[in-house]
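Hello,

The structure we spoke about is below. My notes on it follow.

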Amino acid sequence: DTGSGIGTDSYLDVEQVNVSGDDNANTFILTDELDNIIDGNGGIDEVDYSSISDSITVTVISANITVDTNANDINDTLLDIENVTTGAGDDTFEIQSNNVDNTFDAGDDTTGDTAEYTDLAGTIEATVNSGSVEVTIDGGETDTLTNFENMSYTGDNDDNTFIIDDGMASVIDAGGETTADTYDASSFIGTTDLTVDMTAADTFTVSGVTGGDDTLINFENIVT
């Protein structure tokens with residue numbers, strides 16, 4: 001669709017829809033089972049899959065995003081899109097490289113949504129506050145994550161920090177590197193005492209965090 005102006009377009013018996021936006025903040029709501037190509041073409045744009053209940057995998061590589069789900073046979077390509085919202089499935093966002101500020105919302109599911117930062121070359125600082133997470137990469141671009149339960153990081157031997165201002169039940173994996181990855185709950189705004197169970201070799205449990213216990217994997221430092 002390369003037209004302009006205001007109106008509603010209907011497509012019948014097509015296998016692919018290619019849509020380009022403009023410099024405005026465009027929202028593309030997708031409910032179909034096609035292989036679409038969506039180009040935001042400037043502005044801060046969003047693609048909304050919130051009506052799809054099956055599990056979705058979102059892969060972010062720089063300015064290109066691919067969206068896949070076997071159940072609905074979706075294989076979309078998103079270009080120049082900053083924000084993605086998914087639905088009630090156990091969704092996975094794989095952020096392999098990133099140079100813009102993104103907002104990712106994993107939807108209504110409350111158990112199995114995961115943000116995976118993989119093969120990054122820089123240090124990350126993740127701040128958890130009231131159910132959302134802000135992830136800053138090498139002091140530059142910042143991602144905002146909403147409705148995620150799990151987070152993991154793999155990359156170079158960097159000292160990553162996860163700051164817990166107000167928690168949620170999370171599984172956080174700092175990666176297999178044996179550097180100084182830190183879980184910092186020193187500014188936690190809850191009213192209960194925190195308990196850290198360190199009986200397991202590489203997995204710790206922090207109890208007393210608002211919303212449920214946090215499970216920590218591959219951390220070297222804990223600050224309370």
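Leaving aside neighbours within four places in sequence, T114 is in contact (heavy atoms within 4.5 Å) with D91, T92, F93, F148 and N150. With N150 there is also a side-chain polar contact of 3.2 Å; that term covers a pair of N or O atoms within 3.5 Å, where within protein one must be able to donate a hydrogen and the other to accept it, and residues adjacent in sequence count only if both atoms are side-chain atoms. T114 lies in strand β11, residues 114-120, and counts as buried at 15% relative accessibility. Buried means under 20% relative accessible area, exposed over 50%, and partly exposed in between, with a 1.4 Å probe and protein chains only. Strands (E, at least two residues) are DSSP runs numbered from the N terminus.

This is a predicted model, in which local features need pLDDT of at least 70 and side-chain atom pairs count only at pLDDT 80 or more, while totals for chains, interfaces and linings use all residues. Residues are numbered from 1 along each chain as its sequence is written, and side-chain values use heavy atoms, with hydrogens and water left out.

Beyond four places in sequence, the contacts of V84 include Y49, L78 and F93.

D138 lies in the loop between β13 (132-137) and β14 (142-146) and is exposed at 54%. N147 lies in the loop between β14 and β15 (150-155) and is partly exposed at 32%.

Regards

Notes: Helices (H or I, at least four residues) and strands (E, at least two) are DSSP runs, numbered from the N terminus.
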